[in-house]
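Subject: Handing over a structure

Hello,

I am passing a structure on to you, with some notes on what turned up in it. Please have a look at it first, and then read on.

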Amino acid sequence: MSRPSSRSMLYRLIEAGQLAHKALLLPLVERGLEPGDDAILFELGRSSTTEAELAAELGLTDVALETRLARLLDRGLVTRQAVGPELAAGVALTERGVRIRNGLADHWTQLEEALMGELKPKQRKKLADRLKRFVELLRL
């Protein structure tokens, strides 16, 4: 078996993943947010929802979600409001929350473009499919 090399594709993939992760965390930290808060902002950016639906969508316990929501409420990024036809208790983004969510999404898009910008659409699809397959294999 050959020795792992810094020139190997796997090594470069790991390095790129670690650096991308750091780059995605930077705007969170600058805004006083924690990793995972962005997932809530992105999900609420799609539509207002109940806390139970949000917890289920994100795979969080009610306690974990409440801790995150309390922080986002304190920062004025989300608000509690009635949602849906039954007017169930739920949460939604505030205007400030929408602005921050959009800024985070723009940052994500810039990193994605840095990765895929030089690839043609077919090449992008092939790369995405191969990475998806690789992830699925690793999860077995």
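Let's begin with a pair of facing residues: Thr49 stands opposite Val91 in β3. Before going further, please keep in mind that this is a predicted model, where local features need pLDDT of at least 70, side-chain atom pairs count only at pLDDT 80 or more, and totals for chains, interfaces and linings use all residues. Residues are numbered from 1 along each chain as its sequence is written, and side-chain values use heavy atoms, with hydrogens and water left out.

**The sheet**

Strand β3 covers residues 88–93 and pairs with β1 in the antiparallel sense over 2 bridges. (Strands are DSSP runs of E with at least two residues, helices are runs of H or I with at least four, and both are numbered from the N terminus; two strands pair if DSSP finds at least two bridges between them.) In total, 3 strands make an open antiparallel sheet, in the order β1-β3-β2. β1 (49–50) and β2 (78–83) are at the edges with a single partner strand each, so one side of each has no neighbour in the sheet. Helix α4 (residues 62–74) lies across β2 and β3 and runs at about 110° to β2. (Axes are lines fitted to C-alpha atoms, for helices over the stretch in contact, with angles from 0 to 180 degrees between N-to-C directions; contact means heavy atoms within 4.5 Å.)

**The pockets**

The largest pocket has a volume of about 740 Å³. (On a 1 Å grid over the protein atoms alone, a pocket is an open set of points with protein on both sides within 12 Å along at least five of seven lines, a cavity is a set where a 1.4 Å probe fits but cannot get out, and lining residues have an atom within 4 Å of a point; points are joined across faces, edges and corners, and a volume is the space filled by probe spheres set on them.) Its lining has 21 residues, with Leu13, Ala16, Gly17, Leu115 and Leu131 nearest the centre. α1 supplies the largest share, 10 residues.

The second largest pocket, of about 190 Å³, has Leu24, Asp38, Phe42 and Trp108 among its lining residues.

**The cavity**

There is 1 cavity of 30 Å³ or more, and the space in the largest cavity is about 50 Å³. Its lining consists of Leu24, Pro27, Asp38, Phe42, Leu104, His107 and Trp108. α5 gives the most, with 3 residues.

Enjoy exploring it!
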